Amino acid sequence: MADPDAETGVRPAVAADRWPSPFASDRDARDANGGAYPPDLSVMAKARSTTQPFPWWILNYFTAYSEGGPDYIHALLMGYEETPPAGSEVPDGKYYNHVFPGHAIGMPPPLADGLVTYETAEDGSSVPATAEQYSRDVSAFLMWIAEPHLVDRKETGFKVMAFLFLFAVIMYLVKRKLWAKVDH
Ligand code: HEM
């Protein structure tokens, strides 16, 4: 891995390294992608999340769907249309995608059926080698890399809230006991 700070200019890669860019410069990246800069995807699943006012986000728990984040990425990857609907113009070097704001995206469709095959499980079941499946997997992965400690954080949060609730009940009972003999 190239590193100007290393003595010889290269050093063994570590897990915390960023993925090296395939482009020599930002300008090269834009030139290769119809003028659009391919964004860093490390926190994209969080960057594209949407906020819903209370109580609407509660519905997400029941429908298992939320509009933004990994669901947006999945929809975006599946949102390409070879023939744009009548009346819409797509500039050269752009692709029609009905999910992308403005519908003309600089990213060529990155997924297609049959690109990789999955291993067959011991019970004989296997995952279909379809763009739809890849897109679900890659979106879930992007959510995980965007916040690897999300599950731990929520578990801790739940325990803290449960503790605070119990503590409040106990404190209320203590207060009643302490003040029971005092006229007030
Ligand atoms: C499975 C792999 C990929 C995923 C999950 C992915 C995902 C994304 C996402 C989420 C965006 C942001 C869209 C937004 O702003 O709302 C994006 C933008 C973009 N991606 Fe990809 N991408 C992938 C592969 C690629 C590849 C292979 C290229 C280049 C050949 C590419 C080039 C771009 C470019 C140029 C943009 C900016 C589009 C614009 O602003 O018009 N992506 N990508």
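## Shell around the ligand

Helix α4 provides the largest share of the shell around the ligand, four residues. Both α4 (69–77) and α5 (131–146) supply at least two shell residues each; helices (H or I, at least four residues) and strands (E, at least two) are DSSP runs numbered from the N terminus. This is a predicted model, in which local features need pLDDT of at least 70 and side-chain atom pairs count only at pLDDT 80 or more, while totals for chains, interfaces and linings use all residues. Residues are numbered from 1 along each chain as its sequence is written, and side-chain values use heavy atoms, with hydrogens and water left out.

Of the 21 residues around the ligand, those that come nearest are P39, R48, Y72, G106 and M107 (a residue is near if one of its heavy atoms lies within 4 Å). By class, the shell comprises 18 nonpolar residues, two polar and one charged; Ala, Val, Leu, Ile, Met, Phe, Trp, Tyr, Cys and Pro count as nonpolar, Asp, Glu, Lys and Arg as charged, and the others, Gly among them, as polar.

From G106, a backbone N or O atom lies 2.8 Å from an oxygen atom of the ligand. A polar contact is a pair of N or O atoms within 3.5 Å.

## Iron site

M107 is the only protein donor of the ligand's iron atom, through SD at 2.1 Å; donors are N, O and S atoms within 2.8 Å of the metal (3.2 Å for Na, K and Ca), and sites may look incomplete because water is not among the atoms. M107 belongs to the loop between β2 (104–105) and α5.

Note on methods: Polar contact = N/O pair within 3.5 Å; in protein donor to acceptor, adjacent residues only side chain to side chain.
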